Every structure is written in C-alpha cells, then in structure tokens.
Amino acid sequence: MHDFNYVNGKLYCEEVRIEKIAMEIGTPFYLYSYQTIFNHYNAFKKALKEIDPLICYAYKANSNSAICKIFARAGGGAEVVSGGELRQALEVGVSPEKIVFSGNGKTEKEIGFALKSNILMFDVDSEMELRLLNKVSHSLKKRAKVVLRVNPDLNPQTHPYLATGLKESKFGFDFNQALDGYKLARDLENIKVAGIHMHIGSQITSLKPFVEGLDKVISLIGELKKIGIATEYINVGGGLGIVYLDEEPPCLDNYARVVISKLSGLNIKGIFEPGRVLMGNAGILVSKVLYRKETAKKTFIVVDSGMNDFVRPAFYQAKHRIEPVVKKEEKEEVVDIVGPICESADFFARDKKFPRVETGELLSIFGAGAYGFSMASNYNFRCRPAEVLVSGENYFVIRQRETYEDLIKNEKMPDILET
Ligand code: LLP
C-alpha cells in the first residue's frame, strides 16, 4: 500500500499534486510519502507484535536524516553498516540500545566509535573481526555484545547480486565453522555472546528461504546450548521482497506467521532489519522528458535523470513501474526510456509499451524509495537530485539538489598546476 495515486489523471503524493512540486523545484527529484513510511513501519510492527520485535530499520535503504527520523520517532531502532550510518542514527535520536552494527568490513575506528556509543550489539562477520573487536573492547574497558552472522548456505531465489546466504557469499561465518566461531567468542574476555544473526538476501519473494534459514539457525542454537552458550537474540535480518511490477512476495502477515511460529517457545528476542519493505514503495523518482529520438530500430525517450541518480535498472536489471505524472489519452508506442549518461546501461526501461510522451512531460519511476538516492553517484559530474518529503498537503525539501560548488568542494589543485 502506498499514497501515490492518480486523481483525474494527475499523480498525487498524499494530497500534493506532483506537477506542482516539479514546477516549483525543478527535476529530477526523489519524492517520499511520510504517511506511507509511517504506515509501513506500523504494519511491520503490528504483524510481529506477538513477539515484541526490535525493528532496526536498515539505513542503507535510505539514509536521509528526515527519513531516519521518522523511524526513530516511531520507536524504531537502526541497523547500520558504517560509521556514517551510525552517526546518522545517533543524530536523529535513535537510542543506542536499539542500534545494531552489521557489515563485513568494520574498521578499528568504527568499532571504537560504536563501543563508545554503547550500541546494543555487533553483528560479527568473521573470526578476525571478533579478535579485533575484543582488542578494541579491551582497550576501552568494555565488553562488546555480539551475535555472529551465520551463513546458512541456501538459495534465496533472488538476483545473484542480492543473494547473501549462499556458501560462496562473502558474508557471515560458514555454517560448518560457526560453532568454532562461537567457542572463540565465548573465550574472548571482552566479548559477550548474545545470539545469532542471519541475513540471507534481499528482494526475496518466497517464504521458503526464510523457513530454511531459520530452521538451520535454530538447529545451531541447540548446538550452542549443548556447549553452554545461551542465545538471547535471533536477528532475522531483512530481505522481504516488495511488488515493483508483478512480483508476488509474501504478505507481511504470512511472513510474520512463519517467523513467529519458529521463534515462539524459544524465549529468544527477535530482531529484524527491514529496509526495502519499509521504504521501497514509499518513494518515487520524478524526471522530465528531454527528447524523443527515433532511430531505425527504436524510439528513445531521453529523460533528465540517469543511472547515476537511480542505478537499480542498470545494476540489477530491475524493472520498475514507470508512468507519466499527468496521464493523457495518448496512443501507446514501444520505447526505451533512457538517461543522459554516456553508458549503454543507462536505461530505466527497454522495449516498454508506453503512452506517447513529449518533451517537458514528467515521468514517475515508482518503487524508488529504497536503494534509490542512497546508491546515487556523481558520475558524469552530475549533481545528485533533490529529495522531497510530502506530509498531507505540504511538501518539504529534505535535501537540496546538489550544485556545481558541492561537486568541487573537496577537490584541491596541486601547486604544480596552479601557475
Ligand atoms: N540487513 C543486512 C545485514 C543487509 O545487508 C541488508 C541489505 C538489510 C538488512 C536490508 O535488506 P532489505 O530488507 O532491504 O532487503 N541495493 C540492492 C539491495 C542490497 C541489499 C543489501 N543489504 C537493491 O537495490 O536491490
């Protein structure tokens, strides 16, 4: 469910006409609906309320301060994977005991920062990380709470780049080596084992991988008990898929039912790290048509946003719903919708049936709220788009469009080129 709807052929976000925003601030821009974000968070929480979950929003999906603050105000925690994301969580007021630090490449500095911030726990990815964490904890006279990320070796049936729980994946402890990891963690003086973590992939559209993953993790919990290691938390990760076009992901209630059935009776606290399911359909990218171009083979619609602004189609061959912001009764044609970047992968849709649009018309790319702006770059020395939040009948620019000055502000001309 989301709050982007057509009224008399014009696209609205909540009660704001999107054309009006484009006229006032220009294009391209990301646009998010406050109400949708809030509803998604509450629906997730409600579905799992029986087990009183700790919901740690995955900051990588969208780390704009205003967005993060919506989750913080709603009582959500944060899953962070860098010092920057951790800072962002603290800045928007997430209480440290609701922050979990994941990722496979935490630096010593980031670990120190997280320890000093008294975060809830670290999702530890490897033996070397455990040892470094122990060392830094020791020097700060702390005891770091950890869960080990375990790789359950299963196929989440998603895009290969989005699968993280396969044996060949770089993430987590190999399932068969996990017990050794736990023994090491138990014996390290400045480490406190708190439980187990899995994150098997993203945009998962079937329940089966979650069931398989949880079964494996729960069997490991049994093994841990035998060697005297108690499990206080299971972190189930994120990964639940959403509808972009015609996918049929499990609904929240079915996902929750499975997780609850696996966790109930274990007396273990459940942690969740949803990203896409909260933010994906809470945002769109609005662009303007620059040109139509007809070649012998194709009709191209060239828009003013590119793969630097929104990389999912180029990177994962992701298919997103695209519509004109103002619908007219135009005949459909088959087009490629492409950006201005000097790369052939710079497309948003290929061979797509689309109503005829002309220069100046606005297009909306739906499902762009997660992994949209957060993956944007300055490739081709382009300024990244503005970000806008709508609430009711008001809109707020929550990130200014970048300027040329922003692009060069950290550059330095060496002396040898100054003369
Ligand atoms: N927890 C961990 C440890 C993760 O690595 C991720 C995502 C999440 C939670 C949140 O997963 P979600 O609920 O959003 O599926 N850029 C890609 C997605 C990469 C996901 C990376 N990890 C895309 O645009 O599809």
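These legends describe close-up views of a predicted model.

**View 1**
For S202, a polar side-chain atom lies 2.4 Å from an oxygen atom of the ligand. For R312, an N or O atom of the side chain is 2.6 Å from a ligand oxygen. For Y371, the distance from a side-chain N or O atom to an oxygen atom of the ligand is 2.6 Å. On its own, the ligand has 590 Å² of accessible area, and the protein covers 91% of that. The ligand takes up the space of the largest pocket.

Strand β20 spans residues 386–391. Is β20 mostly covered or mostly open? Five of its six residues are buried, so the strand is mostly covered, buried being under 20% relative accessible area. Strand β4 (residues 29–33) runs parallel to β20, and five bridges join the two. One of the pairs to look for is S33 with V390, its bridge partner in β20. Strand β21 (residues 394–399) pairs with β20 in the antiparallel sense, also over five bridges. Here E387 stands opposite R399 of β21. In a regular strand, side chains alternate between the two faces of the sheet.

**View 1. The hairpin turn between β20 and β21.**
β20 and β21 form a hairpin. How many residues lie between the two strands? Two residues do. G392 sits in this turn and has a positive phi of about 65°.

**View 2. The open sheet β1-β2-β3.**
Three strands make up this open sheet, in the order β1-β2-β3 and with antiparallel pairing. Y12 stands opposite R17 of β3.

**View 3. The cis peptide bond at P28.**
The bond to find runs from T27 to P28. This peptide bond is cis, and its omega is near -5°. P28 is placed in the loop between α1 (18–25) and β4. Strand β4 itself, residues 29–33, is the parallel partner of β20 in View 2.

N118 is not a glycine, yet its phi is positive, at about 55°. The residue lies in the loop between α5 (108–116) and β8 (121–124). Is N118 buried or partly exposed? Its relative accessibility is 45%, so N118 counts as partly exposed. Q317 is not a glycine either, and has a positive phi of about 55°. Q317 is found in the loop between α11 (312–316) and β16 (322–324).

**View 4. N134 in helix α6.**
Helix α6 spans residues 127–139 and contains N134. Its relative accessible area is 14%, so N134 is buried, the cut-off being under 20%. K192 is 58 residues away from N134 along the chain. The C-alpha atoms of N134 and K192 are separated by 9.6 Å.

Definitions and conventions: Residues are numbered from 1 along each chain as its sequence is written. This is a predicted model: local features need pLDDT of at least 70, side-chain atom pairs count only at pLDDT 80 or more; totals for chains, interfaces and linings use all residues. Side-chain values use heavy atoms; hydrogens and water are left out. Buried means under 20% relative accessible area, exposed over 50%, partly exposed in between (1.4 Å probe, protein chains only). Helices (H or I, at least four residues) and strands (E, at least two) are DSSP runs, numbered from the N terminus. Two strands pair if DSSP finds at least two bridges between them. A polar contact is a pair of N or O atoms within 3.5 Å; within protein, one must be able to donate a hydrogen and the other to accept it, and residues adjacent in sequence count only if both atoms are side-chain atoms. Accessible areas come from the Shrake-Rupley method with a 1.4 Å probe; for residues, only the protein chains shown count as cover. On a 1 Å grid over the protein atoms alone, a cavity is a set of points where a 1.4 Å probe fits but cannot get out, and a pocket is an open set with protein on both sides within 12 Å along at least five of seven lines; lining residues have an atom within 4 Å of a point. A molecule sits in a cavity or pocket if more than half of its atoms lie within 2 Å of its grid points.
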